[in-house]
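Here is a short report for a reader who is new to this structure. Please look over the sequence and the model first.

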Amino acid sequence: MKTPAGLQALVDDGVVHAVLRQLKSGKEASVFVVRRGDEILCAKVYKDLGQRSFQARSLYQEGRKVRGSRQARAMDKGSKFGKKELESAWKNTEVDALYQLSAANVRVPRPLGYFNGVLMMELIADSEGHSAPRLGEVELDAEQAREYFRFLVRQVVRMLCVGVIHGDLSEYNVLVDPQGPVIIDLPQAVSAAGNNNARTMLLRDVNRLRTALARFAPDLVNLHYGEEMWALFEKGELGPETELTGAFTFSEHDADLDAVLMSIEDARQEAVIRQQGREAAAQDD
């Protein structure tokens, strides 16, 4: 295929030897399958800030570290320099998260470098070498669904133990290869300790996975791992290998309105994405 503009510099420098095909184009970036020597890899080309459609970005930016107070002030003011710093911080978030989570034995794509706004990483493939399907695209029996849910909860626990919350986790951000689920797409990762919305986002991540897998194993709806792990995290009692029960006693205080509103917005955005998918499929036909 014709080399995309975002990858031309990497081809010129010999970092990438050939661009094979586009894998997907999403809200944050376009992903391409590339060849480097004998290796088949992924190259994620981030879109400019003005091209993105991701909503409520400020919720995710809270608590992120920047280089210094000058950069932080500029980002808050929205100056030209601040927007440039914001762009850099947004792109670096996924790169930093992948390296951090790989070191913590979280199952994510192995990062292989960051060059000129392009993240190079391993290609998650199926048994035949093709791009692995998303969790929402595979059919599971009840026991497989329970096993996948337990495994993904363990990955979320490991992430939380190093202070990271995915922030947009669902069956669309999990690939399934022959070894099981792999968590992808982390540009919106948030700080567990530095973001006031951290608990809400964690619960949303876990509950989305539960809802997706409960289609195959309805008994999963009775498990409340998100609430349990956050309670342990707040008390400093959560470790990477902490055994969770899924049992949790809920408070009888007022409902978390922020969580309710976020769930409503999630449902709206998901409906839009599904409609776009139907329209794209109709055009392909």
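Tyr114 has a relative accessibility of 29%, so Tyr114 counts as partly exposed. The model is a predicted one. Tyr46, by contrast, is buried, with a relative accessible area of 6%. Buried here means under 20%.

The structure holds 4 aromatic pairs. Tyr46 and Tyr114 make up one of them, in an edge-to-face arrangement. Their ring centres lie 6.5 Å apart, and the planes stand at 70°. This pair links distant parts of the chain. Tyr46 sits in strand E3 and Tyr114 in strand E4, 68 residues apart.

## A second aromatic pair

Phe248 and Phe250 also form an edge-to-face pair. The distance is 5.1 Å centre to centre, with 85° between the planes. Phe248 counts as partly exposed, at 30% relative accessibility. Phe250 is partly exposed too, at 43%.

## The open sheet

Five strands form an open sheet in the order E1-E2-E3-E5-E4. The pairing is antiparallel. Strand E1 (18-25) and strand E4 (111-115) are the edge strands, and each pairs on one side only. On average, neighbouring strands are turned by 25° against each other, direction ignored.

How many bridges join E1 to strand E2? There are 6, and E2 covers residues 29-36. The two strands run antiparallel. Across this pairing, Arg21 stands opposite Val33 in E2.

Helix H1 (residues 5-12) packs on the sheet. H1 touches E1, E2, strand E3 (39-46), E4 and strand E5 (118-122). The direction of H1 makes about 70° with that of E5.

## Helix H7

Why is helix H7 (residues 225-234) largely enclosed by the rest of the structure? Because 7 of its 10 residues are buried. They are Tyr225, Gly226, Glu227, Glu228, Met229, Trp230 and Leu232.

What do the buried residues of H7 pack against? Their partners are helix H5 (142-161), strand E6 (164-165) and helix H6 (198-213). After H7 comes Gly236, which has a positive phi, near 75°.

## In brief

The open sheet has 5 strands with antiparallel pairing, and helix H1 packs on it. Tyr46 in E3 and Tyr114 in E4 form a pair that links distant parts of the chain. Helix H7 is largely enclosed by the rest of the structure.

Key: Residues are numbered from 1 along each chain as its sequence is written. This is a predicted model: local features need pLDDT of at least 70, side-chain atom pairs count only at pLDDT 80 or more; totals for chains, interfaces and linings use all residues. Side-chain values use heavy atoms; hydrogens and water are left out. Buried means under 20% relative accessible area, exposed over 50%, partly exposed in between (1.4 Å probe, protein chains only). Helices (H or I, at least four residues) and strands (E, at least two) are DSSP runs, numbered from the N terminus. Contact means heavy atoms within 4.5 Å. Two strands pair if DSSP finds at least two bridges between them. Axes are lines fitted to C-alpha atoms, for helices over the stretch in contact, and angles run from 0 to 180 degrees between N-to-C directions. Rings of Phe, Tyr and Trp (its six-membered ring) pair if their centres lie within 6.5 Å; planes under 30 degrees apart count as stacked, over 60 as edge-to-face and the rest as tilted.
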